[in-house]
Amino acid sequence: MVDIPLTRRRLARLASIQRLDPVRDHGRIYRMSSGLEFPWEYLKALELANLRTFAAPSVSGLLAATGQYARAARRRYESTLVLMGALGNYGYDSPEGREALRLINRMHRWYHISQPDLLYTLASFVLQPFVFLDAYGWRPLSAQERHAAFLHYRHIGRRIGIKDSPDDIDGMKAFAEDYERRYFRRHPANHAVAEQAISVFYDRLPRLLRPAARELVISLLDDRARHALGYDPPARSVRRAAHSALLLRRQVQRQLPPRARSYYDHPPRLRAYPGDLHDYVLADFAVPHPTPVPPPWRKADRHRLSHRPRAGGGARDLP
């Protein structure tokens, strides 16, 4: 398939991004890149990034123990979208960003989560969009966009207590590769949580199309993650169909005018939260209380943690 040349109009926003400083302006660049240039691609890549984390039994085991995906997979998925969306749209040091981080930190404090597991989740959110966009983006990510995304998540990592985060993208890649070699392995919890999560990706489709959609999602995983999640290699025809469909989408996107409205200003409607998104505050999307879990995920001081949202802590307008 021959790529269609990009027009100057289609590249106008990239020119604006390249005039910004990726260190000073990383929040602005990430917001433009993920909200205007590649909103669908970022969403799908982050779904795959989240799915990859379940290939480590220490991650899937905790989620299986809490039962959050088993009981309400869509609610868990959509609450994550909103909290991460607040960080992407407003920035981690905005009132909305600080409230999102407070809610994320509160949930993490309920359980024992290792530093490698936290750092790998962060690394997946940085690296998987790079992989997906390199393969299927309507244009490659620029160096400024990559650096900005890395800094955006690195600053978030520091604010949720992640220590010893790599200093650059290459270091993060090396960490992720080492983590996957050491911790990815088959376990029943991996497959169970992955199935619950994948079901959310296609539950808006007609029932007859869902089996095919499930196979397409699985085909986008690499062999290491797929094996650890308990899936057999997809048929060559399925891989070819997924690849061809995404390349066709790339070609169509290359011919469209620049996106005028940001994903953050006009997100899709949520199914687990009826009504308008702006009727809610961020605290409405938090996990309300901890679930009793066995060792090694239980924290001895869990009972001393406050479960109540801080008064007035919600954001008035959500992404």
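What percentage of the 319 residues in the protein chain do buried residues make up?

1. Buried residues account for 52% of the 319 residues in the protein chain, and, as with everything that follows, this value should be read as belonging to a predicted model.

2. The secondary structure consists of 13 helices and zero strands, so that the pattern read along the sequence is α-α-α-α-α-α-α-α-α-α-α-α-α. The chain is as compact as a globular protein of its length, because its radius of gyration of 19 Å is close to the 20 Å that the globule rule gives for 319 residues. Along the principal axes, the C-alpha atoms fill a box of roughly 60 × 45 × 40 Å.

3. Of the contacts in the protein chain with a separation of 6 or more, 79% are between residues 24 or more positions apart.

4. The accessible surface of the chain comes to about 15,900 Å², and carbon and sulfur atoms contribute 55% of that area. As for charge, there are 52 positive and 32 negative side chains, with the centres of the two sets lying 3 Å apart.

5. Apart from neighbours within four places in sequence, Phe150 is in contact with Val126, Pro166, Asp167, Asp168, Ile169 and Met172. The C-alpha atoms of Phe150 and Ala123 are separated by 8.6 Å, although the two residues are 27 residues apart along the chain.

Note on methods. Residues are numbered from 1 along each chain as its sequence is written. This is a predicted model: local features need pLDDT of at least 70, side-chain atom pairs count only at pLDDT 80 or more; totals for chains, interfaces and linings use all residues. Side-chain values use heavy atoms; hydrogens and water are left out. Contact means heavy atoms within 4.5 Å. Helices (H or I, at least four residues) and strands (E, at least two) are DSSP runs, numbered from the N terminus. The radius of gyration is taken over C-alpha atoms; the globule rule is 2.2 Å times the number of residues to the power 0.38. Buried means under 20% relative accessible area, exposed over 50%, partly exposed in between (1.4 Å probe, protein chains only). Accessible areas come from the Shrake-Rupley method with a 1.4 Å probe; for residues, only the protein chains shown count as cover. Lys and Arg count as positive and Asp and Glu as negative; His and the chain ends are not counted. The place of a charge is taken as NZ of Lys, CZ of Arg, CG of Asp or CD of Glu.
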